[in-house]
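Please keep the sequence and the structure at hand while reading.

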Amino acid sequence: MIPDGNSKPNIERFLGYQDDYDRYRPEAPPIVTGLLTNYLGRRPSRVADVGCGTGLSTFLWKDAADVVTGVEPNPDMLGKALEKLHLLGSGAETLSFVQGFSNQLPFPPCSVDIITCSQSFHWMDPASTLQEISRCLCPGGVFAAYDCDWPLALQPDIEVRYNQLIAAADDLLAELQPAAEQAHKWDKAGHLARIKASGAFSYAREMVFHNMEDCDAQRYVGLTLSQGGIQTVLKLAPAALAQDIADFTAKVEPYFQGRTLPVLISYRMRIGVK
C-alpha cells in the first residue's frame with residue numbers, strides 16, 4: 001500500500017524502463033562522497049540513498065561508508081539495483097536495497113549519517129519527506145538533493161532541439177492522460193527554499209560541481225529518451241514522437257561522427273545539515 005503523501009503516477013513513471021535507464025543515465029560522480037563526508041566531519045557509519053532507482057547513486061558509497069542502503073518504491077528499478085548487487089563482488093556486503101517510500105523510511109530515529117536523493121527529490125512530497133529525513137538523521141547528519149542540468153552541454157542547435165522534444169512530449173501528455181493520472185514534480189529551483197522552510201536543519205546551502213563522462217550519439221539520444229515525460233508518451237502512443245525523435249537524432253549524430261567524446265555534466269546540490 002502506498003503511504004499518504006506519495007503519488008502512484010510518480011512511482012510508476014519508469015516501470016519497464018529500468019534497463020535503458022541504467023544503461024544511459026550518468027552514475028553519480030565520486031566527488032559526492034567527498035563533499036558530504038566533509039560536511040559530516042567524519043566517515044559515515046550509515047548512508048541512505050532515497051529514490052535510488054537502479055543504484056546509480058548508491059554504489060559509489062560502497063567503500064566510503066560502513067553501511068549503505070538504497071530505498072526505492074518502483075519495483076522494476078529496485079529489481080535492477082538488486083540484480084547489479086548480486087553481480088557485485090567485493091564490497092557487496094556493505095550494500096543493501098529495499099522497497100520503501102521517502103516519507104516512511106525503514107530506519108530508527110537518529111540512525112543515519114547521510115541521506116541523499118539523486119535525481120529524485122523533485123518526485124517526492126517535500127514537506128513529509130523532509131520531516132522523515134530529519135527524523136532519521138543523527139545530530140549533525142547531512143541531507144543532500146542533487147540533480148544534473150539537462151540537456152548535457154553540446155551545441156546550441158542540439159540543445160534547442162532537445163528542449164523542443166521535451167516540450168512536444170509534455171504537450172502530448174496533456175492530451176493523452178487525464179490530469180489525475182499525470183505525474184507531478186516539484187521545481188528543482190525551489191529545493192533549497194523548501195529545505196530551509198522545513199525548520200529541520202541548522203544550516204542549508206546550494207553548491208555546483210561538474211563531471212566528465214564519455215558519450216557517443218547513441219548514449220546522448222538515450223539520455224534524452226530516458227526523460228520521464230518522453231517515456232510516458234512512448235508507452236501511451238509509441239508512434240506519436242517518432243518524427244521528433246528522428247529530427248533530434250539527425251542533429252546529434254553529425255556532432256559525434258561515430259566518435260565517443262567527453263561530455264560535461266553539471267550538477268546542482270542542495271544540502272541541509274541537521
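How many nonpolar, polar and charged residues does the lining of the largest cavity have, by class? The lining has six nonpolar residues, one polar residue and no charged residues. The model described here is predicted.

## The cavity

The structure holds one cavity of 30 Å³ or more. The space in this largest cavity comes to about 40 Å³. Its lining is made up of Trp150, Pro151, Leu152, Tyr162, Tyr220, Leu223 and Thr224. Helix 8 (residues 217-225) gives the largest share of that lining, three residues.

Two of the lining residues, Trp150 and Pro151, are also joined by a cis peptide bond, with omega at about -5 degrees. Most peptide bonds are trans. Pro151 belongs to the loop between strand 5 and helix 6 (156-176).

## The second largest pocket

The volume of the second largest pocket is about 240 Å³. Two elements each give two or more residues to its lining: helix 1 (8-11) and helix 9 (228-236). Helix 9 supplies the largest share, three residues.

The lining consists of Lys8, Pro9, Glu12, Arg13, Leu15, Gln177, Glu181, Ala183, Thr232, Lys235 and Leu236. Sorted by class, the lining of this pocket has five charged, four nonpolar and two polar residues. For the largest cavity, the lining has no charged residues.

Strand 4 (residues 112-118) is mostly covered, with seven of its seven residues buried. In a regular strand the side chains alternate between the two faces of the sheet.

Strand 4 pairs with strand 1 in the parallel sense, over three bridges. Within this pairing, Ile115 in strand 4 stands opposite Ala48. Strand 4 is also joined to strand 5 (residues 137-148) by six bridges, and these two strands run parallel as well. Here Cys117 has Ala145 in strand 5 as its bridge partner.

## Aromatic rings

The structure holds ten aromatic pairs. A pair of aromatic rings is described by the distance of the centres and the angle of the planes. For Phe59 and Phe97, the ring centres are 5.4 Å apart and the planes stand at 45 degrees, so this pair is tilted. Phe59 is in the loop between strand 1 (46-50) and strand 2 (67-71), while Phe97 is in strand 3 (residues 95-98), so the pair ties together parts that are 38 residues apart in sequence. Phe59 and Phe97 are both buried.

Tyr162, Tyr220, Phe248, Tyr255 and Phe256 are linked into a cluster by ring pairs. Another ring, that of Tyr24, has the charged end of Arg23 sitting over it, 5.8 Å from the ring centre.

## Backbone angles and exposure

Most residues other than glycine have a negative phi. Cys110 sits in the loop between strand 3 and strand 4. Its relative accessibility is 44%, so Cys110 counts as partly exposed.

Gln257 is another residue other than glycine with a positive phi, near 50 degrees. Gln257 is placed in the loop between helix 10 (242-256) and strand 7 (261-273). With a relative accessible area of 59%, Gln257 is exposed.

Ile166 is part of helix 6. At a relative accessibility of 22%, Ile166 counts as partly exposed, because buried means under 20%.

How many residues apart in sequence are Ile166 and Lys251, and what is their C-alpha to C-alpha distance in space? Ile166 and Lys251 are 85 residues apart in sequence, and their C-alpha atoms are 15 Å apart in space.

Terms used. Residues are numbered from 1 along each chain as its sequence is written. This is a predicted model: local features need pLDDT of at least 70, side-chain atom pairs count only at pLDDT 80 or more; totals for chains, interfaces and linings use all residues. Side-chain values use heavy atoms; hydrogens and water are left out. On a 1 Å grid over the protein atoms alone, a cavity is a set of points where a 1.4 Å probe fits but cannot get out, and a pocket is an open set with protein on both sides within 12 Å along at least five of seven lines; lining residues have an atom within 4 Å of a point. Grid points are joined across faces, edges and corners, and a volume is the space filled by probe spheres set on the points. Helices (H or I, at least four residues) and strands (E, at least two) are DSSP runs, numbered from the N terminus. Ala, Val, Leu, Ile, Met, Phe, Trp, Tyr, Cys and Pro count as nonpolar, Asp, Glu, Lys and Arg as charged, and the others, Gly among them, as polar. Rings of Phe, Tyr and Trp (its six-membered ring) pair if their centres lie within 6.5 Å; planes under 30 degrees apart count as stacked, over 60 as edge-to-face and the rest as tilted. Buried means under 20% relative accessible area, exposed over 50%, partly exposed in between (1.4 Å probe, protein chains only). A charge sits over a ring if NZ of Lys or CZ of Arg is within 6 Å of the ring centre and within 35 degrees of the ring normal. Two strands pair if DSSP finds at least two bridges between them.
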